[in-house]
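Thank you all for making time this morning.

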Amino acid sequence: MTHDPTPFDSRRDPELGAALSAALEPRDHAAFVQRVVASLDRARPESWTVLAGWARRGVIAAAIAALVLGLIDNRGTAPATVAEESFASGTGDTLPPSALLASQDAPDASVVFASLVRR
Amino acid sequence: MAPDVQPPAGAARIAGEDESALIGRALAGDRGAFGVLVERYAPQARRVARAVLADPDDADDAAQDAFLSALTKLHQYDRRRPFGPWLLRIVANAATDRRRRRQVRRVEPLDPELAGGGARPDVDAERSALSQRLREALAQLPERRRVAVVLFDVEGYSHREIAEILGIPEGTVRSEVFHARRRLRTLLDDWKEG
């Protein structure tokens with residue numbers, strides 16, 4: 001502290017540092033630490049929050065995906081039913097397409113083509 | 001009487017060899033590991049907060065807020081860099097925010113008798129009086145200037161580290177430290193001569 005400081009003096013001043021340290025020295029270190037540690041339970045690392053956010057988004061996305069798939073499934077089966085009825089009525093005594101599709105055995109091609117030719 | 005010259009707290013810079021491991025454990029949810037960091041850095045954090053906020057209770061509240069904030073942002077910390085500057089930046093910001101929010105009561109100007117190097121108090125109270133005068137003198141400095149000088153002369157951080165903590169150019173840090181020292185040294189010299 002006895003030397004004149006230059007504007008860019010990069011040496012520390014031990015005397016000033018010690019005086020300032022004494023002036024700012026906090027008390028009850030243990031009590032403060034205890035208080036902070038006790039409050040840590042209230043804090044949640046952001047990484048946990050981010051993961052929780054992702055989990056929420058995942059659930060929402062899965063729900064939306066399930067809904068969309070459900071709608072597509074419904075739309076996909078409804079026209080088929082109409083077509084199936086129309087096809088069945090046009091084919092008369094022939095088997096409906098659902099019966100052909102449900103069968104374990106390959107359908108008889110002559111039955112299918114015959115009905116189409118007749119229309 | 002000049003104050004006892006003691007090694008500044010910053011001289012005992014906190015060893016960083018196991019900090020990365022502690023932070024890793026804290027990130028994994030080990031609150032005890034973060035508690036160790038709190039215990040290590042609490043004195044520094046409280047002193048820096050007190051450099052911003054004159055009131056010690058406000059300073060402790062700010063330091064506590066800073067530790068909680070550090071925990072929530074821990075995943076953003078680059079473990080290849082020293083933890084202290086990263087934490088103290090959060091502390092300084094927390095203290096500044098608190099000061100702005102709460103409009104902490106202003107410290108009264110220096111007592112003219114004390115400022116003029118008047119009659120010295122009892123020897124027993126001398127040190128306490130000097131500390132009080134230093135706190136008052138600090139409070140009269142611009143906030144960035146007092147934080148800079150505390151980080152440099154008390155905590156032992158380099159100009160570059162302080163620039164990182166305060167988010168200002170290194171040259172500005174040097175200037176702030178210089179002006180703060182000039183004011184505080186004058187006060188200390190008056191005290192010694194008195």
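B:Gly35 is partly exposed in this predicted model, because it has 19 other C-beta atoms within 10 Å, and a residue is called buried from 20 or more such atoms and exposed at 12 or fewer. B:Gly35 belongs to helix α2 of chain B, and its C-alpha atom is separated by 9.7 Å from that of B:Phe67, a residue that is 32 positions away along the chain.

That brings me to the helix pair itself. Two packed helices are described by the angle between their axes and by the distance between those axes. For helix α2 of chain B, residues 31-52, and helix α3 of chain B, residues 56-72, the axes come within 9 Å and cross at roughly 140°. An angle counts as roughly antiparallel when it is over 145 degrees, and α2(B) and α3(B) are therefore oblique to each other. As for handedness, the crossing of α2(B) and α3(B) is right-handed.

Which residues of α2(B) and α3(B) meet? From α2(B) come B:Phe34, B:Val38, B:Ala45, B:Arg46, B:Ala49 and B:Arg50, and across from them in α3(B) are B:Pro56, B:Ala59, B:Asp60, B:Ala62, B:Ala63, B:Ala66, B:Phe67 and B:Leu71. Sorted by class, this contact of α2(B) with α3(B) holds 11 nonpolar residues, three charged ones and no polar ones.

Let me now turn to the partner chain. In the model, 33 residues of chain A are in contact with 47 residues of chain B. On the side of chain A that touches chain B, at least two residues come from each of α1 (14-24), α2 (29-39) and α3 (46-91) of chain A, and α1(A) gives the most, with 11 residues. The residues on that side of chain A divide into 20 nonpolar, six polar and seven charged.

Finally, a word on confidence. Chain B has an average pLDDT of 82, and 79% of the residues score at least 70. Two stretches of chain B call for care when you look at the picture: over residues 1-13 the pLDDT is below 50, although this stretch has 30 contacts in the model beyond near neighbours in sequence, and over residues 107-119 the pLDDT is likewise below 50, with 10 contacts of that kind. For the complex, the predictor gives an ipTM of 0.77 and a pTM of 0.64.

Definitions and conventions: Residues are numbered from 1 along each chain as its sequence is written. Chains are lettered from A and ligands numbered from 1 in the order in which they are written. This is a predicted model: local features need pLDDT of at least 70, side-chain atom pairs count only at pLDDT 80 or more; totals for chains, interfaces and linings use all residues. Two residues are in contact if their C-beta atoms, placed from the backbone, lie within 7 Å. Helices (H or I, at least four residues) and strands (E, at least two) are DSSP runs, numbered from the N terminus. Ala, Val, Leu, Ile, Met, Phe, Trp, Tyr, Cys and Pro count as nonpolar, Asp, Glu, Lys and Arg as charged, and the others, Gly among them, as polar. pLDDT is the predictor's confidence in each residue, from 0 to 100. Axes are lines fitted to C-alpha atoms, for helices over the stretch in contact, and angles run from 0 to 180 degrees between N-to-C directions. Angles under 35 degrees count as roughly parallel, over 145 as roughly antiparallel, 65 to 115 as roughly perpendicular and the rest as oblique. A crossing is left-handed if the near helix is turned anticlockwise from the far one by less than a right angle, and right-handed if clockwise.
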